[in-house]
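Hello,

Here is the structure I promised to hand over. Have a look at it first, and then read on for what turned up in it.

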Amino acid sequence: MNINNLSDFLEKSNCQFCVYDLGRKVCNISNSFFKNVERNQLPYPYPIQQHAFIAITFWQIGAQKEHFIWFLKMPLDEQGLLQIPAQMSFIKMVIEAMGEDLTADMSDKLQERMASNPFLFKPNTEKLAIFNAIMNARFIRPASSFYSAARGYFSGSTSWNEWQELGIQGIADLTARLNHDNNQQNLINALPYLPQQPLQSLALCLEHQDKINPDLCQAIATQIRGELQENRQENAILLLRALASSPSPEITKKLIEEQFSSDLIHNMHWYVGIAGRLWNVLEDETLLNRFLESLANNQVALFPQLFADIVAIPLLREKVLKQIRLPARSPALTEAIGRLFSGVQN
């Protein structure tokens with residue numbers, strides 16, 4: 001095969017496929033968009049440290065075989081474009097290991113050869129559980145055996161203190177099925193009563209879900225305000241992240257605007273959560289300016305890292321660069337930007 005991109009390779013191998021980002025959030029990238037990315041017609045939308053972390057699920061057309069998955073860590077160039085030589089190198093390594101039948105049964109030796117491929121990575125336990133849950137829901141496959149216990153717990157059928165046997169996979173399954181089994185309403189009812197551990201695990205799974213209805217969004221917002229009143233900042237930050245994929249961005253933006261007047265401005269995890277999960281809200285240039293001003297005034301050492309992170313996101317790049325040209329900015333932001341360009345670290 002003389003092929004230099006991943007989708008052509010899969011299609012010529014008689015495979016259908018779907019693509020998900022696994023770097024920032026577990027979210028679908030349409031095949032048509034991904035084809036533009038891999039041909040360098042568009043930058044990769046969710047870069048992390050000049051890499052794309054991608055999950056590609058593929059299956060052979062017309063065959064009754066299971067789905068296969070590649071977890072790929074692919075390098076990006078300075079413009080955020082997916083490097084074509086890296087794609088070609090990966091394809092060459094796959095052909096050398098497996099031939100052109102990508103869905104052939106793999107021997108132990110073949111598995112070892114694929115495991116040594118430098119473009120493959122292993123997602124952490126949380127991301128893997130969430131990805132598995134989303135895939136099972138998307139392809140109408142049963143949830144894991146842990147789902148029943150999670151559904152029972154969050155419906156209030158057991159004591160709120162009996163959470164120790166809950167697995168992250170069951171919670172991920174529940175959040176991937178928000179529109180089933182009355183799960184949204186059960187979560188609304190449960191939120192005020194959850195101990196810290198199940199509350200935080202739930203929040204970490206919700207941040208990848210775009211089916212959160214407005215009532216659940218409002219319930220999460222109410223819970224966030226309550227957590228802040230009790231000075232449980234980590235709970236509040238994780239619950240804010242839980243709204244990262246919410247289709248109700250106005251609720252999230254209002255929360256963040258309120259939080260600029262809270263003690264969260266002194267918590268580095270708040271800034272990291274916004275940049276890493278809630279970057280969409282920074283499309284609002286007023287909010288972006290407040291974020292950068294607060295970061296420069298309260299987290300000087302963190303400024304270069306988060307500035308580099310958000311300026312690499314194609315959605316934000318021009319708006320972030322515009323901020324550094326604004327004449328009206330605080331001395332702290334002016335100094336932080338000056339250090340960026342002088343290479344001086346605090």
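Let me begin with the cysteines, and with one cut-off: two cysteine sulfur atoms count as a disulfide if they lie within 2.5 Å of each other. Please keep in mind that this is a predicted model. With that cut-off, the sulfur of C27 is too far from any partner for a bond, because the closest cysteine sulfur, in C18, is 12 Å away. C27 itself is buried, with a relative accessible area of 17%. Searching the whole structure gives zero disulfides.

Next, the aromatic rings. The structure contains 19 aromatic pairs. One of them joins Y44 and Y46, whose ring centres are 6.3 Å apart with the planes at 90°, so this pair is edge-to-face. Y44 has a relative accessible area of 1%, so this residue is buried.

Another pair to look up is F58 with W70. Their ring centres are 4.6 Å apart and the planes stand at 50°, which makes the pair tilted. What does this pair tie together? F58 belongs to strand β3 (residues 51-60) and W70 to strand β4 (residues 68-75), so the contact links parts that are twelve residues apart in sequence.

The charged end of K25 sits over the ring of W279, at 4.8 Å from the ring centre. In another such contact, the charged end of R177 sits over the ring of Y147, 5.9 Å from its centre.

Now for the pockets. Rolling a probe the size of a water molecule over the atoms shows where empty space is left. The largest pocket holds about 690 Å³ of space. How many residues line the largest pocket, and which lie nearest its centre? There are 31 of them, with H208, Q209, D210, K211 and S245 nearest the centre. Two or more lining residues come from each of β2 (27-29), α5 (125-138), α7 (168-176) and α12 (249-259). By type, the lining of the largest pocket has 15 nonpolar, ten polar and six charged residues.

The second largest pocket has a volume of about 590 Å³. Its lining consists of 27 residues, and R24, P47, I48, Q49 and D309 are the closest to its centre. The elements giving two or more residues to this lining are α13 (268-277) and α15 (303-311). Of these, α13 supplies the largest share of the lining, six residues. The lining of the second largest pocket divides into eleven nonpolar, nine polar and seven charged residues.

Happy exploring, and best wishes

Note on methods. Residues are numbered from 1 along each chain as its sequence is written. This is a predicted model: local features need pLDDT of at least 70, side-chain atom pairs count only at pLDDT 80 or more; totals for chains, interfaces and linings use all residues. Side-chain values use heavy atoms; hydrogens and water are left out. On a 1 Å grid over the protein atoms alone, a cavity is a set of points where a 1.4 Å probe fits but cannot get out, and a pocket is an open set with protein on both sides within 12 Å along at least five of seven lines; lining residues have an atom within 4 Å of a point. Grid points are joined across faces, edges and corners, and a volume is the space filled by probe spheres set on the points. Helices (H or I, at least four residues) and strands (E, at least two) are DSSP runs, numbered from the N terminus. Ala, Val, Leu, Ile, Met, Phe, Trp, Tyr, Cys and Pro count as nonpolar, Asp, Glu, Lys and Arg as charged, and the others, Gly among them, as polar. Rings of Phe, Tyr and Trp (its six-membered ring) pair if their centres lie within 6.5 Å; planes under 30 degrees apart count as stacked, over 60 as edge-to-face and the rest as tilted. Buried means under 20% relative accessible area, exposed over 50%, partly exposed in between (1.4 Å probe, protein chains only). A charge sits over a ring if NZ of Lys or CZ of Arg is within 6 Å of the ring centre and within 35 degrees of the ring normal.
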